[in-house]
Amino acid sequence: MVAKAVDLRSDTVTKPSDAMRSAMASADVDDDVLGADPTARRFEAEMAALMGKEAALFVPSGTMANLVSVLAHCDVRGSEVILGDASHIHVYENGGISTIGGVHPKTVPNNPDGTMDIDRIVEAIRDRAGALLYPTTRLICLENTHANCGGKCLSVEYTDKVGEIAKSHGLKLHIDGARIFNASVALGVPVDRLVKAADSVSVCLSKGLGAPVGSVIVGSKAFIDKAKILRKTLGGGMRQIGVLCAAAYVAVRDNRGKLADDHRRAKVLAEGLKKIKQFSVDSASVETNMVFFDIMDPRISPHRLCQVLEQRNVLAMPASSKSVRFVLHYQISDSDVQYALTCVEKAVDDLLKGGAKFEHLTNGTTKNSYGH
Ligand SMILES: Cc1ncc(COP(=O)(O)O)c(C=O)c1O
Ligand SMILES: C[C@@H](O)[C@H](N)C(=O)O
């Protein structure tokens, strides 16, 4: 029996719980393209109410949730969206808003806390008087929590301020809320209040909440009607999705209350990593379930460290050529965190002492990486 891996690659790696599997097996289903799947209808209505919006739409992934949302807001040729230069939409979604949607990105630098400077956002809004030359700004996108900024939370005050700017300029606001529940828990702000200023939010069910598949888009009824058509256009119209919505319902019910533990364990992990002198870890900046650390010793590369850890059944992914990311989720226990720390300490010692022993390990991407 292979020991269970301590999988810190991402919060996307969780396996469905027995309760989710049971709910999937017994789900009441019908054809969702025909609008008839009762479990999907119930789940979408519950998610809309939870998020404080009129309507909701289940989609297969967070990437599709963001793409559909941007396309629904920017449905006129020549549209431009203001978004962070380190945002998931801009960095990790294959440029889909442009390649598929023909929407032009106008990036603004993300600050280390995941925000974009308010004045830089305003500066980025195109002057309509220049319509002969410029794209037309139609949307601002935020990301909360911010994945590339260490899982940082955007405050409700900041979100409301960006919402005011959008409204005063006749723009819409979308929040990539892949981890919005993590932000809500970390900030102690009800999730519906946190996203009040947004016209649309994409919420990943398959991250910290632990559902096997899916995201949900929330917004006005009119917006969701447009989103539903775009989902079908993109091939995301699915049939008996009650099977997936049933699991997602269990995920939201059972795991929202566990997110605070993920955040606590992330802090414990960061404090432990901080004791390793070859690492640079800003443990004070850990706000949610992500821990990023830089490797300061040239004898240790992120890829080699992840490969050596993999040999000890600890899975992680390089975040860059000099950093590694650990992501906590509800299937990582306190003892798993301690085991991972022990393995990291041993891996560092091994790599420092017997670097040659690991020469066979290439500095290429591990099998579990996005090719950073
Ligand atoms: C912030 C953020 N947005 C969107 C996504 C996309 O979600 P998916 O992987 O389900 O397409 C991810 C990660 O996957 C993410 O971290
Ligand atoms: C990398 C990214 O696509 C994914 N959302 C993750 O955080 O693991």
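Begin by selecting helix H3 (residues 62-73), which with three residues gives the most to the shell around ligand 1; helices here are DSSP runs of at least four residues and strands of at least two, numbered from the N terminus. This is a predicted model, in which local features need pLDDT of at least 70 and side-chain atom pairs count only at pLDDT 80 or more, while totals for chains, interfaces and linings use all residues. Residues are numbered from 1 along each chain as its sequence is written, and chains are lettered from A and ligands numbered from 1 in the order in which they are written.

Next, show the 13 residues that surround ligand 1, the closest being Ser61, Gly62, Thr63, His88 and Ala178; a residue belongs here if its C-beta atom, placed from the backbone, lies within 6 Å of the ligand.

Now move to Lys207, which UniProt, in an unreviewed entry, lists for "modified residue: N6-(pyridoxal phosphate)lysine"; such annotations may be inferred rather than shown by experiment. Lysine 207 sits in the loop between strand E7 (200-204) and strand E8 (215-219), and it counts as buried because it has 26 C-beta neighbours inside 10 Å, the cut-off for buried being 20 or more. Leaving aside residues up to four places away in sequence, lysine 207 touches Asp11, Thr12, Ala178 and Arg179, contact meaning C-beta atoms, placed from the backbone, within 7 Å.

Finally, select the open, antiparallel sheet of four strands in the order E9-E10-E13-E12, where strands pair if DSSP finds at least two bridges between them. Within this sheet, phenylalanine 279 stands opposite isoleucine 295 in E10.

Conventions: Buried ≥ 20, exposed ≤ 12 C-beta atoms within 10 Å, placed from the backbone. Contact = placed C-beta atoms within 7 Å.
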